Amino acid sequence: MRVALFTTCLAEALAPRALKATVLVLEHCGVTVELPTAQTCCGQPMLSNGLPGDAALLARRMTEVFAPYDAVVTPSGSCCSVVREKYAGLFADGSRDRAAVDALAAKTFELIEFLETKLGIDPATLRAKSSPRASTAPLTCHDACHLRGIHRHGCTEPFLRSACGGDVRELPDMTQCCGFGGMFSTQFPEVSTALGEEKLAHVASTGATTLVASDTGCAAHLAGLAHRKGVALRVISPAEALAESLGLMEVQESGAPNGGKHGAPNGEKHGAPNGGKA
Amino acid sequence: MTTRQSAVDALLARVRAAVRAQPVTVREVPSHAVVRRVTCDTANLADLFATKAAAVGMRVTRVDEAGLDAAVTTLLATHAQADAKVVVAMRDANLAARASAIAGTRLAANDNDDLLFDCFVGITDVDCAIAESGSLVVSTNGRIRNAWVTPPIHVAIVRAAQILPDLVDLFESATDALDAASTTIITGPSKTADIEGVLVTGVHGPAAVEIVLVS
Amino acid sequence: MNPLIAPALPFDMKPRAREAVRDLKLQQFVGNATHLKDTQRGGIFDRDFGAEYDALRTVARDTKQYALDHLDELLERFIANAEKSGATVHAATTGREACDIALSIARAHQAHGRAQSCVKSKSMVTEEIGLLPAFEAAGIKTLETDLGEFILQIDGDAPSHIVTPMIHKDRVATAKSFVRELGARYTEDPTELTMIARAHMRGLYRAADIGVSGANFLLADEGSAVICTNEGNFDLSVGGPPVHIVFVGIEKLIRGARDLAPFLKLLARSGTAQPLTIYTSFVCGPRRAGEHGGPKELHFVLVDAGRVGVLASEKRDLLRCIRCGACLNACPVYRKVGGHSYGSMYAGPIGAVLTPELERAQGGANASQSGAGLANYPDLPRASSLCGACYEACPVKIDIPKFLLHDRTRLRERGLSPKSEGATLALWRWLAERPTLFRMAIGAVRLHARMLGQKDSRDERAWLTRVPGPGAGWTQSRDLGVATGESFREWFSKRGSR
Ligand code: SF4
C-alpha cells in the first residue's frame with residue numbers, strides 16, 4: 001500500500017510539528033509515508049466561501065497529485081471532510097472529474113481514522129510496541145466539527161485515552177463548536193471569540209494543561225486566543241499527542257505562554273538525522 | 001366563480017408548476033416499520049400505559065369494574081369542593097349515568113360549552129389510549145367539546161381493552177376517533193416552561209389529569 | 001410589525017450579534033436553555049429509539065419529501081376533503097392577501113360596528129404575515145394565548161425561538177410587565193405568574209369572536225389540521241369563538257394520518273424532549289349538527305408567501321422543516337447571538353437559510369423589498385461556522401450547511417461578499433495551482449512571522465498580534481501562532497526515505 005501524506009496548507013504554515021508527528025506515528029505503525037511535493041491547498045477556503053469554481057480547479061489538482069497512491073492520510077479533520085464530503089458536489093454526476101474525486105474520497109482518511117479503521121489498530125496495543133513515556137501532563141480533547149461529516153466526531157478522545165494511557169480528561173460540552181469556522185472567525189470575530197472563550201473555560205475546568213484539537217484551524221484559533229489572554233495552555237494535534245506518549249517525540253514544555261521556561265526543541269526524539277532545531 | 005375559488009385554483013396551478021420544476025426524488029413513501037416501538041406481544045399494555053402516563057405527570061388509579069364508582073367518588077371528594085361544578089362528557093351512556101349520579105347536585109349541564117368555564121372537574125371516557133406514550137385519545141364523538149381541557153381537573157376513565165400498543169395503531173386501527181370534528185391526544189396535564197424553563201402545570205388546560213384504569 | 005423580527009432592509013446582522021454577545025443575561029438564558037434542550041433531546045432519542053434514531057429520521061425525511069414532490073396532488077385532495085367536512089378553504093399568495101382574507105371573514109361577522117376580539121394560539125406563519133398588526137389596524141383586539149407569546153405581546157417584544165419564544169427573557173421582566181400591564185401584584189414565582197395569566201385569559205376566551213391558529217400538519221386524506229401545543233391553548237381558542245381561522249403554509253401537507261406517526265414522535269422529542277406534546281389536536285371541519293362547542297365556521301387560509309417559489313427551487317428540502325427548534329438549540333452561533341440577531345421570526349440555522357429564500361421567492365410582492373433575498377440578508381449565510389450540528393439534530397435531515405454554502409456562492413456571484421476577501425481567495429487559488437510559488441508564499445508568511453512576530457519561549461513559533469487585510473478580524477481578539485523553525489518539507493527531505 002502506497003500511503004501519501006496530505007499535509008494541508010494550514011498545517012505547513014502553522015503546525016509543521018503536527019505533520020512530523022503524523023509521519024512518526026504512521027512509521028511506528030509500519031507504514032511508509034510518501035510526500036507528494038506538488039500538493040498545495042485542497043480548496044476548502046474557496047469552497048466554504050462561495051467560490052466553488054476555484055475549489056473545483058484545486059479539487060482536480062488534488063486528484064492528479066494523489067492519483068498514484070492507495071491511501072491519503074491527513075492530520076486535519078476539516079480538509080479530510082472536504083475531500084470526502086464536498087468534492088462530489090463540485091462536479092456533475094457521471095463526469096470524469098466526478099469519478100476522480102469519488103476515487104480520491106474513497107482513499108482519503110483522517111489520521112486516527114486511518115489507524116483505527118484502515119489499519120485496524122487497537123490503540124491499546126500501540127503502547128506495547130514502543131517505549132512509552134510514563135505519564136504525560138493531563139490532556140483533554142476537542143474534536144473538530146468537520147469530523148461529524150465523516151462520522152468520526154467524538155472518536156479521537158477514546159482512541160487517545162487508550163493509546164496514550166496517561167491522564168486524558170473528558171471535555172465538558174465537547175460537541176459544541178470552538179467557534180473557528182474558517183472565515184467565520186474573521187467575519188464574526190466577536191461570536192467566534194465568545195465560542196472560543198467558552199471552549200477554553202471548559203478546558204480549564206478539566207484542569208488539563210494540554211488541549212488536543214483535531215484540526216489545524218481550530219487549534220490555531222484556540223491557541224491564539226489562549227495566547228492573547230495569557231492563558232497557559234498547550235494546543236496540539238492528536239498526532240503530536242500520540243507521538244509524544246509513544247515516546248516518538250519530545251514533549252514540549254507547557255507553562256506560561258510567555259516568559260516560561262525554555263521548552264524542549266521541536267522534532268524527533270530519536271532516529272532522525274536532523275530532528276530538532278533548524 | 002368566486003374570487004375565493006379562483007384564488008384557490010390559482011394556487012393549485014402554481015403549485016403544480018412548482019412541483020414540476022424540480023425532479024421527484026421520493027416516489028414512494030417508505031415503510032414506517034421503525035416508527036413502532038410497542039406491540040401487543042412486547043408488553044403488558046395496561047402496565048406500560050400506567051407507567052408511561054405516570055411518567056408524563058398524570059395520576060393513575062387502577063381498579064376493577066366493581067371499584068370504579070368508588071374510585072370516581074374518591075377523586076371527586078379529593079379535588080372538588082361541595083359546590084364545585086362537575087361536567088360529565090361520556091360517549092358510553094352507562095358510564096355517563098353512573099358518573100352523573102356520583103356528581104349528584106354538582107352536575108353541570110353539558111349542552112352549553114360556555115358553562116364549561118364554570119366547571120371545576122370534567123369527567124370523560126376516552127376513545128382509546130396509547131400504551132407507548134401513556135396518552136389518552138378523546139374526541140367530540142358523543143362528548144361535549146373541551147370538557148377535558150377547560151376545567152382545572154380532568155378525570156378520565158380508561159378500560160384496559162381500550163389501550164392500543166403504539167401511536168401507530170391509532171392511525172392504522174379501525175377506531176373512529178379521527179372522524180370526529182375534534183380529537184385530542186392528551187399526554188399529560190397542561191404545561192408550560194415559558195418562564196425560565198420552570199415547569200408549571202395547569203396553564204390553560206387542567207393542572208391535574210386523574211386516570212381511572214379499569215381492568 | 002415588530003422591527004426585531006421585521007427589520008429595515010437590507011438587514012445588518014452584525015451590530016445585533018455584537019450586542020447579544022456582550023449581553024451577559026442573554027448569554028446565560030439562551031446558553032443554558034439551549035444546552036439543556038439539546039442534551040435532553042439526545043437522551044430521549046437514545047432511550048426510545050437507540051440505534052434506530054437515524055432510520056426514523058430517514059423515514060421522516062422521505063415521507064415529507066414525498067409530500068413535497070407530490071404537493072399538487074395532496075393539496076387538491078386536502079381541499080376536497082376539507083370542504084367535504086364543511087370547512088372553507090382560502091388561498092393567499094402574499095402575507096397581505098392572507099391578512100385581507102382574515103379581515104373580510106371578520107367583517108362578515110361584525111355586528112353593527114361592535115369591536116371584535118380574537119384569541120390566537122401560537123403560529124409562526126401569522127407572525128410572518130403580520131396578522132396582528134393588520135387586526136389591530138382594523139380594530140380587532142387580539143390575545144396571544146401561548147404564555148410566552150402573551151408575555152412578549154404585552155411587552156412589545158418579539159419571539160426569539162420558534163418553540164420557546166421568550167427564551168431570551170426572565171421572570172423579573174415578566175413580573176414587571178404583569179404589574180404594569182395587568183395590574184397584578186408583584187411576584188417572581190413562575191407558578192403564580194402563570195396563574196395570573198391564566199385568570200386573565202379565561203374571560204377573554206369566552207368573549208372572543210374569532211379564534212386564530214396555525215397548524216403543524218395538514219392531512220390530505222382527512223381534510224383536517226393537526227396542532228401541537230403543551231398548554232392546551234389551541235383547544236380553548238378553537239372551542240369557544242364562533243369562527244376559527246387556521247393559517248397554514250402549504251408545506252405542512254402530508255398524505256394523511258397514516259403518515260403522521262413518525263413526525264409526531266420526532267417533533268416533541270426533538271423540540272422539548274417529550275414523547276409527544278401534551279395536546280395533539282385534530283380539527284376536522286366546524287362543529288357538527290347537534291354538537292355543543294366548536295366553531296360554527298372553520299376557515300383554512302393556505303399561505304404561499306414565497307413557499308411555492310421555494311418548492312420550485314433547488315431548496316425544496318427546506319420545506320420539510322417541521323419547526324421543532326432542534327437546530328436552534330444545537331447551533332453554537334444561535335446560542336451566542338440569540339434569535340433577534342437573525343432579523344426574522346425564523347431564527348437560527350433554519351432561519352438563516354429560509355428567511356432569504358422566502359424573501360427571494362416573494363420578490364416584487366412588496367415594492368420596497370424587491371431585489372429581495374440575499375441582498376436583504378447578506379450576513380445570514382455567513383453567520384455560521386459550518387459545524388454541522390444543525391444537520392445532525394434535524395429530525396427531517398435538512399442539510400442546512402449545504403444550503404448555507406449554496407447561498408455563499410450566490411452572495412459572491414452577486415457581489416454581495418467583501419471584495420478584499422474574494423481577491424485574497426482568488427490569489428490563494430492562483431498560487432495553489434503553482435506549487436513552487438505556493439511554497440514560497442507559505443515561506444513568506446513564516447518569514448514575516450519570524451521578523452515581526454513575538455517569539456515564543458516554548459517552541460519555535462512566533463506570534464503575530466496584528467494581521468492586515470481580511471485577516472484583521474482574527475487578531476482583534478486572537479494572536480496568530482506561526483511555526484518559524486524548520487519547515488516540514490525540509491525535515492522530511494533531510495531524514496531521507498526509510
Ligand atoms: S430545520 Fe430541522 S431541526 Fe431545524 S426546526 Fe426545522 S425540522 Fe427542526
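Tutor: Let's start with a term: two strands count as paired if DSSP finds at least two bridges between them. Keep in mind that this is a predicted model.

Student: Okay, what makes β8(B) and strand β9 (residues 279-283) of chain C a pair?

Tutor: DSSP has to find at least two bridges, and these two strands have five, in the antiparallel sense. So they pass as a pair. One spot to look at is B:I186, whose bridge partner in β9(C) is C:Y279.

Student: And how do you know that strand β5 (residues 135-139) of chain B pairs with β8(B)?

Tutor: By the bridge count again: four bridges, antiparallel, against a cut-off of at least two. Here B:L136 is the residue opposite B:I186.

Student: Why is strand β8 (residues 182-186) of chain B called mostly covered?

Tutor: Buried means under 20% relative accessible area, and five of its five residues are buried. B:S182, B:T184 and B:I186 point one way, while B:T183 and B:I185 point the other way.

Student: Over to chains A and C. Why is the meeting of C:K336 and A:E198 called a salt bridge?

Tutor: The N to O distance is 2.3 Å, and the rule asks for a Lys or Arg side-chain nitrogen within 4 Å of an Asp or Glu carboxyl oxygen.

Student: How much area is buried between chain A and chain C?

Tutor: About 6,900 Å², with carbon and sulfur atoms giving 59%. The contact takes 88 residues from chain A and 69 residues from chain C.

Key:
Residues numbered from 1 in each chain as written. Chains lettered and ligands numbered in written order. Predicted model: local features only at pLDDT ≥ 70, side-chain atom pairs only at ≥ 80, totals over all residues. Heavy atoms only, no water. Contact = heavy atoms within 4.5 Å. Buried area = accessible area lost by both parts, 1.4 Å probe. Buried < 20%, exposed > 50% of the residue type's maximum accessible area, 1.4 Å probe, protein only.
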